[in-house]
There are 2 protein chains.
Amino acid sequence: MSASKLDPIDRKILAELQADGRMTNVELAKRVGISAPPCLRRMRTLEEAGFIRGYHAQVDGRELGFEVQVFAMVGLKSQAESDLSAFEQKCRSWPLVRECHMLNGEVDFILKCVAPDLSTFQSFLTGELTAADNVASVKTSLVIRAAKEEPGVPFEVLEHRLSQSA
Amino acid sequence: MSASKLDPIDRKILAELQADGRMTNVELAKRVGISAPPCLRRMRTLEEAGFIRGYHAQVDGRELGFEVQVFAMVGLKSQAESDLSAFEQKCRSWPLVRECHMLNGEVDFILKCVAPDLSTFQSFLTGELTAADNVASVKTSLVIRAAKEEPGVPFEVLEHRLSQSA
DNA sequence: AGTTTGGCGAAATATTATTGCGCCCGTATT
DNA sequence: AATACGGGCGCAATAATATTTCGCCAAACT
């Protein structure tokens, strides 16, 4: 099932669930303009087709004591696929690393990290990250504040695009 | 209400809902070891206290045709607070910008952007971002692939920490 | 010891989710 | 053009969940 098979109702469902992942199916059905049973069927289909990867509560890290958020730019010594994979695997095993993206350009990876405090992060940085095999360079930047945090898809753009190509 | 007021059950609730935001309250209650009514009360309390900022379906952007993901490092000409705020406001108004973080160091902001294709991103980059008032420099890096995407809180670290300080 | 406070959980009720099924519409077939 | 599918909708019935109500227990106060 590809994106082209989605009709406007499917996209509305995705948009609504992205905005409120705990919305009841009844409410969702009302909003997208169909009755509950077909709405639930569509939802399940979208989940199984992989358009919806999961549902998550957005937990406030700072409230929970994770005061420090850091972006780390990592360069490796070797960019052989096996070495890249090995590094990615390490990242998956580090709890403080929440995101790991491979980039083009001079920097090989960008990591988004969290930590309860600076010293925890520092010891991770020097003891784990910088010390890891194949890591050539690490540049870090502390997050001062987040002005926008809306991971996901800009459905407005998607709809606009589709109306153009029609 | 501060983090210190959370007991192990509250933290378990947060951890479970972060992992599966659509879990039923009945299932959640079973997992955290209390009955449904108090579980629901705790959940509401955690929401109202801001520990839970919201619930979101994780929608697969690539499946929906957003093939391009980019990190943009932005430097401004002026770092006066009013200028910083103005830039943040612009970011909030740009649908292609999904995240905007203010950083310390030489780069002022890092943006995570998405786009349906490279040319859409390019025109945003040249027509909007680089062209915006007060923007001095923009460096972009395409995301080749994402190795880890688990925004949120590493509860394992939190629990470990609390058991230490006990 | 009596009282207040906070939180639990059984039970009742209100909502939701889910299933089963017949209907309608667009398309293919003869 | 008439007939048979196939897909998807929604009503109606049933199963699960959510939510409220209320009495009980235990720890903290006085």
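Tutor: Two residues are in contact if their C-beta atoms, placed from the backbone, lie within 7 Å. Helices (H or I, at least four residues) and strands (E, at least two) are DSSP runs, numbered from the N terminus. The model is predicted: local features need pLDDT of at least 70, side-chain atom pairs count only at pLDDT 80 or more, and totals for chains, interfaces and linings use all residues. Residues are numbered from 1 along each chain as its sequence is written, while chains are lettered from A and ligands numbered from 1 in the order in which they are written.

Start with the chain contact. Chain A gives 60 residues and chain B gives 60 residues. On chain B, the elements that each supply at least two residues include α1 (8-19), β1 (52-59), α4 (81-93) and α6 (155-165). β5(B) gives the most to this side, with nine residues. By class, the side of chain B that touches chain A has 32 nonpolar residues (Ala, Val, Leu, Ile, Met, Phe, Trp, Tyr, Cys and Pro), 15 charged (Asp, Glu, Lys and Arg) and 13 polar (the others, Gly among them).

Now the symmetry. A rotation of 180 degrees, with 0.0 Å of shift along its axis, places chain B on chain A at RMSD 0.0 Å. That is the relation of a two-fold axis. Copies are superposed by least squares on the C-alpha atoms of residues with pLDDT of at least 70 in both. The same surface serves both copies, since 100% of the contact residues of chain B recur in chain A.

Strands cross the chain boundary. Two strands pair if DSSP finds at least two bridges between them. Strand β1 (residues 52-59) of chain A pairs with β1(B) over seven bridges, in the antiparallel sense. Here A:A57 stands opposite B:Y55.

Eight strands close it, in the order β2(A)-β4(A)-β3(A)-β5(B)-β2(B)-β4(B)-β3(B)-β5(A), with antiparallel pairing. Neighbouring strands are turned by 35 degrees against each other on average, direction ignored. Within chain A, five bridges join β3 (residues 97-103) to β4 (residues 109-115). A:V97 faces A:C113 in β4(A) there, standing opposite. A helix lies over the strands: α4(B) lies across β5 (135-149) of chain A and β2 (68-76), β3 and β4 of chain B, at about 85 degrees to β5(A). Axes are lines fitted to C-alpha atoms, for helices over the stretch in contact, and angles run from 0 to 180 degrees between N-to-C directions.

Next, a helix pair within chain A. α1 (residues 8-19) and α3(A) pack at about 75 degrees, with axes 10 Å apart. They are therefore roughly perpendicular to each other (65 to 115 degrees). A:I9, A:D10, A:I13 and A:L14 in α1(A) meet A:R42, A:M43 and A:L46 in α3(A). This contact has five nonpolar, no polar and two charged residues.

A residue is near a strand or molecule if its C-beta atom, placed from the backbone, lies within 6 Å of it. Around DNA strand C are residues of both chains, including A:T24, A:N25, A:L40, B:S35 and B:R41. α2 (25-32) and α3 (36-48) of chain A and α3 (36-48) of chain B each give two or more residues to that surface. Its residues divide into seven nonpolar, three polar and one charged. Around DNA strand D are A:S35, A:R41, B:T24, B:N25 and B:L40, among others. There α3 of chain A, with α2 (25-32) and α3 of chain B, each supply at least two residues. That surface too has seven nonpolar, three polar and one charged.

Key
Angles under 35 degrees count as roughly parallel, over 145 as roughly antiparallel, 65 to 115 as roughly perpendicular and the rest as oblique.
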